[in-house]
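Thanks, everyone. I have one structure to go through today, and I will keep it short. Please have a look at it before I start.

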Amino acid sequence: MAAFAGRTTKQALLRAKPAFVNQKATLVSLRGKNGKKVAWLLGSLAVGGGTVVATALAQPAFASDLVLHPPKFPWTHNGHLAALDHASVRRGYEVYKQVCAACHSMKYLCYRNLVNVIMTEDEAKAEAEEALVEDGPNDAGEMFERPGKLSDHFPDPYKNDEQARAANNGALPPDLSYIVLARHGGEDYIFSLLTGYSDPPAGVKLMEGQHFNAYFPGGAIGMAQALYNEIIEYSDGTPATQSQLAKDVATFLKWAGEPEHDVRKLYGFRALIILSFLIGVTYYMKRHKWSVLKSRKLAFKPPSYK
Ligand code: HEC
């Protein structure tokens with residue numbers, strides 16, 4: 001149908017074209033024997049337009065379209081020269097460890113990654129030793145558990161995805177290592193999601209184990225609200241309000257997904273300084289080398305045959 005409408009419209013346009021070459025002819029053609037052509041053109045346009053509108057109206061509405069986009073928050077690391085707020089990253093690790101780690105793994109992070117970012121090497125060693133890691137097999141061919149080392153990855157709260165689903169009403173808690181890069185809106189989305197729980201609006205039915213969150217595509221999320229005021233106590237004494245917890249854990253997740261963030265901006269800044277210097281030198285050298293060619297004068301001197 002659309003193809004037919006398109007073809008007819010195109011043909012009509014093509015046929016009508018000569019009439020538009022000069023205005024006088026067009027006026028004549030409206031009244032004259034070309035009237036049929038104009039009627040054809042208008043008819044085809046109506047059919048074409050109708051088809052476009054009908055196609056647009058026939059688009060189904062997906063539940064995943066019903067999503068609230070997170071606002072852009074004024075993170076302290078926004079901007080080309082701003083580094084991450086490392087006190088916030090440290091607090092965010094406390095939130096992850098004490099709240100989120102019960103359900104979410106961060107399997108691409110090792111304890112050694114914490115050194116000099118979140119804690120000292122000795123503290124990180126002690127932190128790793130708190131975790132029991134499965135290792136082996138030993139001489140008897142059996143797996144055994146030992147205290148963690150700096151080179152170990154963060155432990156997974158569940159043995160496998162099936163166990164994780166079984167414990168969460170069938171919803172799989174995603175690994176959080178790169179979640180900031182894996183979701184539209186990045187840390188804005190994480191913050192909005194964690195603070196965006198509310199009662200479902202009238203008419204929205206949730207299944208058992210689902211909660212309403214306007215920022216989650218579709219609105220029904222399998223994760224219960226995880227952050228409340230004072231749910232943990234910060235070691236640096238910062239008041240642990242819900243928004244503070246959400247902001248800190250989002251900053252921590254930003255660091256986890258992009259640990260090179262600060263160095264990248266620093267190197268970018270240095271590269272710009274060096275390049276701007278080099279551009280000046282290059283411009284000068286270009287003028288210097290080309291000056292002979294640019295300022296020469298070519299003249300044709302006819303040979304004289306005397
Ligand atoms: C009780 C278990 C539990 C806790 C605690 C928990 N989550 Fe979740 N989380 C889930 C489950 C289950 C899902 C999957 C939800 C779904 O797909 O419907 C999820 C999904 C997510 C998602 C992905 C949403 C998306 O767009 O797909 C993010 C981000 C997230 N959680 C962050 C966190 C953070 C940060 C914390 C700690 C403050 C946390 N969660 C604590 C169970 C939990």
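Predicted model: local features only at pLDDT ≥ 70, side-chain atom pairs only at ≥ 80, totals over all residues.

The ligand, to begin with. Its surroundings comprise 23 residues, and the closest are C100, C103, P173, G222 and M223. Sorted by class, 19 residues of that shell are nonpolar, three are polar and one is charged. As for where they come from, helix α8, residues 186-195, supplies the largest share, namely three residues.

Next, Y234. This residue sits in the loop that runs between β4 (220-221) and α9 (242-257). If we ignore the neighbours within four places in sequence, Y234 has contacts with R91, E94 and A240. Of these, E94 is 140 residues away along the chain from Y234, yet their C-alpha atoms are 7.4 Å apart.

Helix α9 has 16 residues, and from first C-alpha to last it covers 22 Å, close to the expected 22 Å at 1.5 Å a residue. How many residues of α9 are buried? Twelve of the 16 are, so the helix is largely enclosed by the rest of the structure. Among the buried ones are K247, D248 and K254, along with F252 and W255. What do the buried residues of α9 pack against? Their partners are α4 (86-98), α7 (179-182), α8 and α10 (261-295). Helix α8 is also the one with the largest share of the ligand shell.

That is all from me.

Technical notes
Residues numbered from 1 in each chain as written. Near = placed C-beta within 6 Å. Helix = DSSP H or I, 4+ residues; strand = E, 2+ residues; numbered from the N terminus. Nonpolar A, V, L, I, M, F, W, Y, C, P; charged D, E, K, R; others polar. Contact = placed C-beta atoms within 7 Å. Expected span 1.5 Å × (residues − 1). Buried ≥ 20, exposed ≤ 12 C-beta atoms within 10 Å, placed from the backbone.
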